[in-house]
Amino acid sequence: MPSVTPSVPPTDHPRSARTTPGVDTASRSRATPRGGRALPPLLIVLVVASLAIMLRPAAAAVGPLLEPLTTSLGASDLSAGALTALPCLVFGLAGLTAVPLARRTGLTGALVLAMLLLVVAGSVRTRVGDMGLFLPLSALALAGPALGNVVLPAWIKVHGGRHRVALMTLYSSVLSAGAFLASLLAVPLAPDTPEGWRLSLLWWVLPAVVPMLLAVVVLRRAGHDFPPAEPRAVGRTDGRRTLLRAPTAVALTALFALQSGNAYTQFGWLPRLYADAGIGPAASGALLAVVAGLGIVGGLVMPVVIDRSRHLRALCGLFGLLTAGGYVGLLLAPHAGALLWAVMLGLGGFTFPTVLALIPARSRSAEITARLSGMVQPLGYIVAALMPLGAGAVLAATGSTTLVLGLLAGSGLLLGLVGLRAAAPVVVDDELAQAR
């Protein structure tokens, strides 16, 4: 196995990390893990697409249904805030276990378990009658997507071969498509009854049987597919603490936290903010779908932009300004400019596919990619949970949507500043080698 080049002189062009001798050669030569069989390209595409589309609906479908759901379960605004923060908390805490679990089961084995959790717990939660049961069952259901969030980018690194950029593009765009469809169809799929939200939520978990079965097929062919440690890369292979010594890894984590906090606050609370402006539930769901739907465009565009652009840092700063501007617009003219503000927030959400694509783009070996994904997403989600939870607490204490929107606008500006550093063309492997 080729050794890793000690350092890469930073330039403004991220492609330099991949044209330096030694970069990505290990993962290119290991598209099929030892002991496994080569996977058909069509099977790889089906696994990525079917898994990615199931990683958001269990969370994104809740926001448009929040009012009837909380009324049915007798929940308060504070409980609703906990429910909207739950995806971030679970994605963070469960995501911390993803890499250790995948070491034992293999990457594909972890994906099978992820979909099994989603199907079983997601189905059962639609049958309970109080928030005390709904919350823990939701946590179990969301633990499945939490594992998938961390494992799937590393799975693409291992199995994608020379098509990794295209597969990451597919992953991030289909991921956003799942959030878009859940936001758009959550209300229409709910029968017009007080308990109609239950059937709507059920629609978003049962299809996870399909990627689960596909992952079982892969497991039989590929076997245990967690990548072995690079002999001369970083030394310790279990040292998540070591990644904290890489400034790029820390910046990516902070950027992911800010973007995810904004996204899940939007999923959970934008319908409430729209309702306060006199916009009905169906129109609120459609506006939220605009925000999520633009994420599909971002998923298609940003992996290619990251691979080729010399101005990525400026783009990340712009995404922060668009996010802040969308919230200010909602504050000043929520009804008249609702569509424009939704478009601005959606464009600001391009930060999400940017961070996802930066995880493999700013790491060299498959092992570091898995570890970086296992740090950026779990820790980022844990911090991100403070935002929707805080929004619920502010609304419960003051009833002021103005204060909530002002705080969110500030978070957009901070997102832009952090993005300037996170997008720097630096390879995490090299920062770790220099920090030893």
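How many of the 436 residues of the chain count as buried? In this predicted model, the share is 60%.

**Figure 1. Helix α16 and the helices around it.** Helix α16 has 21 residues. From its first C-alpha to its last, α16 reaches 30 Å, close to the 30 Å expected at 1.5 Å a residue. The buried residues of α16 include Leu312, Cys316, Phe319, Leu322, Tyr327 and Leu330. Gly317, Gly320, Gly326 and Gly329 are also among the buried residues of this helix. The buried residues of α16 pack against α14, α15 (281-308), α17, α18 (351-361) and α21 (401-422).

**Figure 2. The packing of α16 against α17.** Two packed helices are described by the angle between their axes and the distance between the axes. Here the axes of α16 (residues 312-332) and α17 (residues 338-348) come within 7 Å and cross at roughly 155 degrees. An angle over 145 degrees counts as roughly antiparallel, and α16 is therefore roughly antiparallel to α17. The crossing is left-handed. On the side of α16, the contact is made by Phe319, Leu322, Thr323, Gly325, Gly326, Tyr327, Gly329 and Leu330. On the side of α17, Trp341, Met344, Leu345, Leu347 and Gly348 take part. By class, this contact has eight nonpolar, five polar and no charged residues.

**Figure 3. The packing of α6 against α9.** The axes of α6 (residues 77-96) and α9 (residues 131-159) come within 7 Å and cross at roughly 35 degrees. The crossing of α6 and α9 is right-handed. From α6, the contact includes Leu83, Leu86, Pro87, Val90 and Phe91. From α9, the residues in contact include Met131, Phe134, Leu135, Leu142, Pro145 and Val150. The residues of this contact divide into 16 nonpolar, four polar and no charged.

**Figure 4. The packing of α9 against α19.** Helix α9 also packs with helix α19 (residues 366-384), at an angle of about 160 degrees and with the axes 8 Å apart. Are the two helices roughly parallel or roughly antiparallel to each other? They are roughly antiparallel, because angles over 145 degrees fall in that class. Their crossing is right-handed. Asn149, Val150, Pro153, Ala154, Lys157 and Val158 in α9 meet a set of α19 residues that includes Ala366, Thr369, Ser373, Gln377 and Tyr381. The contact has eight nonpolar, five polar and one charged residue.

**Figure 5. Serine 260 in helix α14.** Serine 260 is found in α14 (residues 247-276). Is this serine buried or exposed? Serine 260 is buried, because its relative accessible area is 1% and the cut-off for a buried residue is under 20%. Leaving aside neighbours within four places in sequence, serine 260 is in contact with Cys88, Tyr381 and Ala384.

**Figure 6. Valine 216 in helix α12.** Valine 216 lies in α12 (residues 209-222). With a relative accessibility of 31%, valine 216 counts as partly exposed. Valine 216 and threonine 108 are 108 residues apart in sequence, and their C-alpha atoms are 7.8 Å apart in space.

Technical notes: Residues are numbered from 1 along each chain as its sequence is written. This is a predicted model: local features need pLDDT of at least 70, side-chain atom pairs count only at pLDDT 80 or more; totals for chains, interfaces and linings use all residues. Side-chain values use heavy atoms; hydrogens and water are left out. Axes are lines fitted to C-alpha atoms, for helices over the stretch in contact, and angles run from 0 to 180 degrees between N-to-C directions. Helices (H or I, at least four residues) and strands (E, at least two) are DSSP runs, numbered from the N terminus. Angles under 35 degrees count as roughly parallel, over 145 as roughly antiparallel, 65 to 115 as roughly perpendicular and the rest as oblique. A crossing is left-handed if the near helix is turned anticlockwise from the far one by less than a right angle, and right-handed if clockwise. Contact means heavy atoms within 4.5 Å. Ala, Val, Leu, Ile, Met, Phe, Trp, Tyr, Cys and Pro count as nonpolar, Asp, Glu, Lys and Arg as charged, and the others, Gly among them, as polar. Buried means under 20% relative accessible area, exposed over 50%, partly exposed in between (1.4 Å probe, protein chains only). The expected span of a helix is 1.5 Å times one less than its number of residues.
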